[in-house]
Amino acid sequence: NGLSERGNHPVVRKPMKQWMLRITAYGDRLLEDLEDLDWPESIKAMQRNWIGRSEGAQLAFEVKGVDASAGKLEVYTTRPDTLFG
């Protein structure tokens, strides 16, 4: 009905893809700039792990019993090989 469960406030859907792209670009820049630092390799490795750059796939699933006009369930996974069990 377009209202929140608590308070019955209007709910608005806003596309936010620009945030993902900007964060990804910034993460890539951080990783690239690590190479120029005169730091021990162990510290650089910790920073790479903290930044957490990952590659995967974005998938969309139709949900049984849900009207197609409501859209699909979109997920991101780094392990698409595990989707079927």
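**Notes on a predicted model**

1. Let's start with R13: this residue counts as exposed, because its relative accessibility is 77% and the cut-off for exposed is over 50%. R13 sits in the segment before α1.

2. For background, most residues other than glycine have a negative phi.

3. Now step back to the overall layout. The protein has two helices and two strands. Reading from the N terminus, the order is α-α-β-β. Helix α1 covers residues 17-34 and helix α2 covers residues 41-51, while β1 spans 57-61.

4. How far can you trust the coordinates? The mean pLDDT of the protein is 85, with 91% of residues reaching 70 or more. Confidence is lowest in helix α1, where the mean is 77, and highest in helix α2, at 91. As a rule of reading, where pLDDT is low, predicted coordinates should not be read in detail.

5. What about the overall shape? A compact globule of 85 residues would have a radius of gyration near 12 Å, but this protein has 19 Å. Along the principal axes, the C-alpha atoms fill a box of roughly 55 × 35 × 20 Å.

6. Next, what is covered and what touches what. Buried residues make up 7% of the 85 in the protein. If you take contacts between residues at least 6 apart in sequence, 10% of them join residues at least 24 apart. The accessible surface comes to about 8,100 Å², and carbon and sulfur atoms account for 55% of that.

7. A quick word on charges. The protein carries 12 positive and 13 negative charges, and the mean positions of the two groups are 8 Å apart.

8. Last stop: G52, in the loop between α2 and β1. Is G52 buried, partly exposed or exposed? G52 is partly exposed, because its relative accessible area is 42%, and that class lies between the 20% and 50% cut-offs.

Key
Residues are numbered from 1 along each chain as its sequence is written. This is a predicted model: local features need pLDDT of at least 70, side-chain atom pairs count only at pLDDT 80 or more; totals for chains, interfaces and linings use all residues. Side-chain values use heavy atoms; hydrogens and water are left out. Helices (H or I, at least four residues) and strands (E, at least two) are DSSP runs, numbered from the N terminus. The radius of gyration is taken over C-alpha atoms; the globule rule is 2.2 Å times the number of residues to the power 0.38. Buried means under 20% relative accessible area, exposed over 50%, partly exposed in between (1.4 Å probe, protein chains only). Contact means heavy atoms within 4.5 Å. Accessible areas come from the Shrake-Rupley method with a 1.4 Å probe; for residues, only the protein chains shown count as cover. Lys and Arg count as positive and Asp and Glu as negative; His and the chain ends are not counted. The place of a charge is taken as NZ of Lys, CZ of Arg, CG of Asp or CD of Glu. pLDDT is the predictor's confidence in each residue, from 0 to 100.
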